[in-house]
Amino acid sequence: MQEFKKLRACGKKAKSPKDVKPVHLVPFLTYADTNLREYTAKVTSGEPVDWRIKEALLLLVGHLADEIDRFPDIRNNMQDFFKTHVIQELSSQ
Amino acid sequence: MYGEYSDFEFSDKAHMTAAVEGMYKCLSENTHIPVKLEAAVGLSKMLKNDIAEDILRPGLPQIIENFIQLMDQVDSEELVSAFEVFMSVYADEMGPHAVKIITHLVEQYKRLVSIDIEDDDGEALLAAQGCICAARRLIDACCKNKALLLELRTIMYPILMHGLTPDGLDNIEEVIDMIVMFVFYCSEPGQPIPAEMWRLYSGLLSIIAGGEVDPEGGYAMEYIERAVFAFINFIAKDPTTFTQLVAQEFQLDPANPVTYIQETFKAIDRILVVSN
């Protein structure tokens, strides 16, 4: 049983040094935001879209929660991100 | 994703409310199992937030029903852990649902422990452990209600017995805790503890001390400190039975019947021999 727990523990994310903002964090979030907006625009205009791009971006942003939580300036902007890109997913089919 | 960000305090309460209600709908109305599973796990994470706790309270019976249905369809440790979180957060409101939940957890446990570990990388075994943890948490929450606890004890009894076998050893700590709770809260001083419960006492002694052929004691020897609490409770609550003969149907050697106190001293002797 211990073996399973150890294996799971290995999957934990390593954290970068405290207070040092990873250089790619903000650019990536901007990239995700831009692409998700483009995705939404295409859906609205009836253009064909690849839903896997949206799913992948949301998954990646989800995995960054602990990292984002360390920086109040980024964290404070996440509510808008959720309102724009995430909440509608709860009612999508 | 809301679950991942459940530690964040969103200032817009209307947004939070909409998110929790949306997840609740995914759990209760969506027909796709993966969506329901994600919603169930996500909602449990959202319970860190007081707003979510209040929003979900009226829907608790429906949520419990959804969890039970989902656990029938998916063997997931994460799902059982999520259910455990609900039971912990709404401990005071679980009473009316306790019998239904425990009955389900017992059935789930029996089914999960029968699955071959090679077939699913041990996920079923972890889920089975989760069932026991969830049951213990619920029993703990109901411990003030003696009538209910007596009913739960009857339902849980086969699992308690299984917990004292080599196959159930992974859950021995939870099982001992449950035995302690049942003995302490279900018994009044001076009233005899049922023979079935005393059978757990004998079983626990046996797996701790082992037999003459076990040079290192019983296979649960390392849990002796925890088991002592169970022994103390049995003796304190029902000292009369402790000095009497072990019930005839549970005597190991009916030709030479022993009392519980004799059985206990024999086990102590054995533990001292092994320790030395």
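This is a predicted model: local features need pLDDT of at least 70, side-chain atom pairs count only at pLDDT 80 or more; totals for chains, interfaces and linings use all residues.
Colleague: Let's start with the overall picture: how many helices and strands does chain B have?

Modeller: Read along the sequence, chain B runs α-α-α-α-α-α-α-α-α-α-α-α-α-α. Its C-alpha trace spans about 70 × 45 × 30 Å along the principal axes. The secondary structure comes to 14 helices and 0 strands.

Colleague: What percentage of the contacts in chain B, between residues at least 6 apart in sequence, join residues at least 24 apart?

Modeller: Chain B has 276 residues, and 39% of them count as buried. For contacts between residues at least 6 apart in sequence, the share that joins residues at least 24 apart is 67%.

Colleague: Now to helix H11 of chain B, residues 195–209: what distance separates its end C-alpha atoms, and what span should it have?

Modeller: H11(B) has 15 residues, and at 1.5 Å a residue it should span 21 Å. The model agrees with that, because the end C-alpha atoms of H11(B) are also separated by 21 Å.

Colleague: How do H6(B) and H8(B) run, roughly parallel or roughly antiparallel?

Modeller: The axes of H6 (residues 98–113) and H8 (residues 123–141) of chain B come within 9 Å and cross at roughly 155 degrees. An angle over 145 counts as roughly antiparallel. That is why H6(B) and H8(B) are described as roughly antiparallel.

Colleague: How many nonpolar, polar and charged residues make up the contact of H6(B) with H8(B)?

Modeller: H6(B) passes H8(B) in a left-handed crossing. On the H6(B) side the contact includes B:Ile101, B:Leu105, B:Gln108 and B:Tyr109, and on the H8(B) side it includes B:Ala124, B:Cys131 and B:Leu138. By class, the residues of this contact are 15 nonpolar, 1 polar and no charged.

Colleague: And H8(B) with H10(B): how do they run, roughly parallel or roughly antiparallel?

Modeller: Their axes come within 10 Å and cross at roughly 20 degrees. Angles under 35 degrees count as roughly parallel. H8(B) and H10(B) are therefore roughly parallel.

Colleague: How many charged residues are in the contact of H8(B) with H10(B)?

Modeller: This crossing is left-handed. B:Ile132, B:Cys133, B:Arg136, B:Ile139 and B:Asp140 of H8(B) meet B:Glu174, B:Asp177, B:Met178 and B:Met181 of H10(B). The contact has 5 nonpolar residues and no polar ones, and its charged residues number 4.

Colleague: Which helix gives the largest share of the side of chain B that touches chain A?

Modeller: In the contact between the chains, 18 residues of chain B meet 14 residues of chain A. The chain B side has 10 nonpolar, 4 polar and 4 charged residues. The largest share, 6 residues, comes from helix H1 (residues 13–28) of chain B.

Methods:
Residues are numbered from 1 along each chain as its sequence is written. Chains are lettered from A and ligands numbered from 1 in the order in which they are written. Helices (H or I, at least four residues) and strands (E, at least two) are DSSP runs, numbered from the N terminus. The expected span of a helix is 1.5 Å times one less than its number of residues. Axes are lines fitted to C-alpha atoms, for helices over the stretch in contact, and angles run from 0 to 180 degrees between N-to-C directions. Angles under 35 degrees count as roughly parallel, over 145 as roughly antiparallel, 65 to 115 as roughly perpendicular and the rest as oblique. A crossing is left-handed if the near helix is turned anticlockwise from the far one by less than a right angle, and right-handed if clockwise. Two residues are in contact if their C-beta atoms, placed from the backbone, lie within 7 Å. Ala, Val, Leu, Ile, Met, Phe, Trp, Tyr, Cys and Pro count as nonpolar, Asp, Glu, Lys and Arg as charged, and the others, Gly among them, as polar. A residue is buried if 20 or more other C-beta atoms lie within 10 Å of its own, exposed if 12 or fewer, and partly exposed in between; C-beta atoms are placed from the backbone.
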